Amino acid sequence: MLKEITIEQRLTFKKEEKLKSRKLIEVLFKQGASFSNFPFRVLYIFSEKNIAPLQTGFAVSGKNFKKAVDRNRIKRLMREAYRLQKSSLTETLKKHGKFMAVFFIYTGNKIPEYKEVTEKMQSALKRLNKISDEAIAADT
RNA sequence: GCUACAAACCGGGUUAUCGCUUCAAUGAAAAUUGGUGAGGAAAGUCCGGACAGCAUAGAGCAACACACCGGUUAACAGCCGGUCCUGAUUUUUUAAUUGGGAAGAUAGUGCCACAGAAAAUAACCUCACCCCAACCCUCUCCACAAGUGGAGAGGGAGAACGGUGCAAGGGUGAAAAUGUGAGGUAAGAGCUCACGGUUUCGGUAAGUAAUUAUCGUGACGGGUAAACCUUGUGUGCUGCAAUGCCACGUAUACCAGCGUUUGAGGGCUGCUCGUCCGAAGCUGAAGGGUAGGCAGCAAGAUCACGCCAGUAAUGGCGUGACAAGAUAAAUGAUAGCCUCCCGAUUAUUUCGGGAACAGAAUCCGGCUUACAGGUUUGUAGUUACU
RNA sequence: GCCGCGUUGGUCAAGAGGUUAAGACGCCUCCCUUUCACGGAGGAAUCACGGGUUCGAGUCCCGUACGUGGUA
């Protein structure tokens, strides 16, 4: 089991997988659906054809964290947790030719521990997985 | 050695695993390999530049900034050295360290609450003297009701008003016309004199100069220019979201105003001028589209070391180095060990917690603010040893 | 990134360098009323913070903190 996972794939987070298009972000904020899973608020939308099946962005409010150092720290933790756990969602999207844009916003007002971020990210991704499954089922 | 102060510098290290940015090589591609990757403040955006556009960057006014002296620089309100004034600290007290200031108040205007006679023209009160009415005393003459009245002369007394002196004094107040003593006077006064104080000008000595010392001469009329202002010097305006190019995409409908050679409007400046564009549209309002890429953009007032000039800031020469370039924005995450700090336990140790301030966005020179801990140097104090 | 503007009771705010810092709404205390409301009397401000100029700063100057606007 363990051997298979390590050989199977590399857990990367490349430039193509980052949500960078200003236009798509605007659409996402205007029309995208959302749910909140404290301390995250997650926005998502099924998009047109794109260079990668899943594009993601991360944000931290400047109101809660005034120092750039703190914002960077939280974004890095979120990115790391996402990178290590996103594989299953990407796989299902790939299989069915779906494209998705997701945005994570940190709404808490304390700098979190890495452990906490991983746990919460896991549950958030699970929920996203469920949503995409439902969407695929509705299509077919 | 310890303590205090000041200056300069450093501001975690290492191993493993998994990632990110960018560059190079290989490859058809996927990718692989190798290099590379935050700061002293990257911060605040407070000054000064470089660079770019605006006409070739022009003129005047306005506006803004600066202001002891010398040096330094690409430039500055910075920095270095010095002079004077003023506050704070310290038993080196005629000193040291440090904070703040220093063009002009004799160019003009304004303001100075309350209190006070008065806040700047010197007025007012008070004071002294002169003039002088009432009044008092004495003498002479006249009248009669016989001790009073009137007139005149002399003397005393000196109110109010007025005149002269206009100086000192006047409970205040942050601030009131140079302080003390003597002379002088009707009373007084820098009115005069002596010793001082502040200061203009001139001479001499020292210094590049600010200035200092000293001599002579004159003056002595508050404060405030971080009030307006005057003088001198400087600044054209806008900023890399500047600017140039490529790609993609749309639509200018309706309304209002101005104008069509008699010149609307525009060229990123508050106004005026000048100048250029403009042979017909322009502006406002409303609406539509795009918000992708490349250049700018990483070799420079660059950094490190050494030598030389200089008190220093800084400059010159030589050698070596190439040292982030992202764009919803990389420079990281986890674990262990070492180092340091705090707490508990304490011969050692062990356990728990923590790792200063803080994250490039066109680039430099400064300033300001934040900063655990450490290193070095200098000065002062103190103690011990030789 | 770059360029601006502001900060006065709980809130909205006025305030030519000069006595004890207007006003409105709200809050608290007391009076009136059987009680509530209305009405009346009174109270509450480190003028964001730290320096400086001045005899004297909410006001003028410098710095800091916080808030806020514009800009492809």
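## A sheet, packed helices and an RNA strand

Helix H2 (22-31), strand E3 (54-60) and helix H3 (68-85) each supply at least two residues of the surface near RNA strand B. The names H and E stand for DSSP runs numbered from the N terminus, with helices (H or I) of at least four residues and strands (E) of at least two. This is a predicted model, in which local features need pLDDT of at least 70 and side-chain atom pairs count only at pLDDT 80 or more, while totals for chains, interfaces and linings use all residues. Residues are numbered from 1 along each chain as its sequence is written, and chains are lettered from A and ligands numbered from 1 in the order in which they are written.

Let us stay with the RNA for a moment. Which element gives the most to the surface near RNA strand B? H3 does, with eight residues.

Four strands form an open sheet in the order E1-E2-E4-E3, with mixed pairing. Strand E1 (33-37) and E3 stand at the edges with a single partner strand each, so one side of each is left without a neighbour in the sheet. From one strand to the next, the twist averages 20°. Two strands pair if DSSP finds at least two bridges between them. Asn37 has Phe40 in E2 as its bridge partner. Pro39 lies in the loop between E1 and E2, and a cis peptide bond with omega of about 5° joins Phe38 and Pro39. Most peptide bonds are trans. Strand E2 (residues 40-46) also pairs with strand E4 (residues 100-106), in the antiparallel sense over seven bridges. Here Phe40 has Tyr106 as its bridge partner, and Leu43 stands opposite Phe103.

Now for the helices. Two packed helices are described by the angle between their axes and the distance between the axes. Axes are lines fitted to C-alpha atoms, for helices over the stretch in contact, and angles run from 0 to 180 degrees between N-to-C directions.

| Helix pair | Axis distance | Angle |
|---|---|---|
| H4 (residues 87-96) and H5 (residues 114-139) | within 9 Å | roughly 15° |
| H3 and H5 | 9 Å | about 50° |

H4 and H5 are therefore roughly parallel to each other, whereas H3 is oblique to H5. Angles under 35 degrees count as roughly parallel, over 145 as roughly antiparallel, 65 to 115 as roughly perpendicular and the rest as oblique. Residues that meet H5 from H4 include Ser88, Leu89 and His96, and the residues of this contact divide into five nonpolar, five polar and one charged. From H3, Leu77, Met78, Ala81, Tyr82 and Gln85 take part in the contact with H5. That contact has eight nonpolar, three polar and no charged residues. Two residues are in contact if their C-beta atoms, placed from the backbone, lie within 7 Å.

Notes. Nonpolar A, V, L, I, M, F, W, Y, C, P; charged D, E, K, R; others polar.
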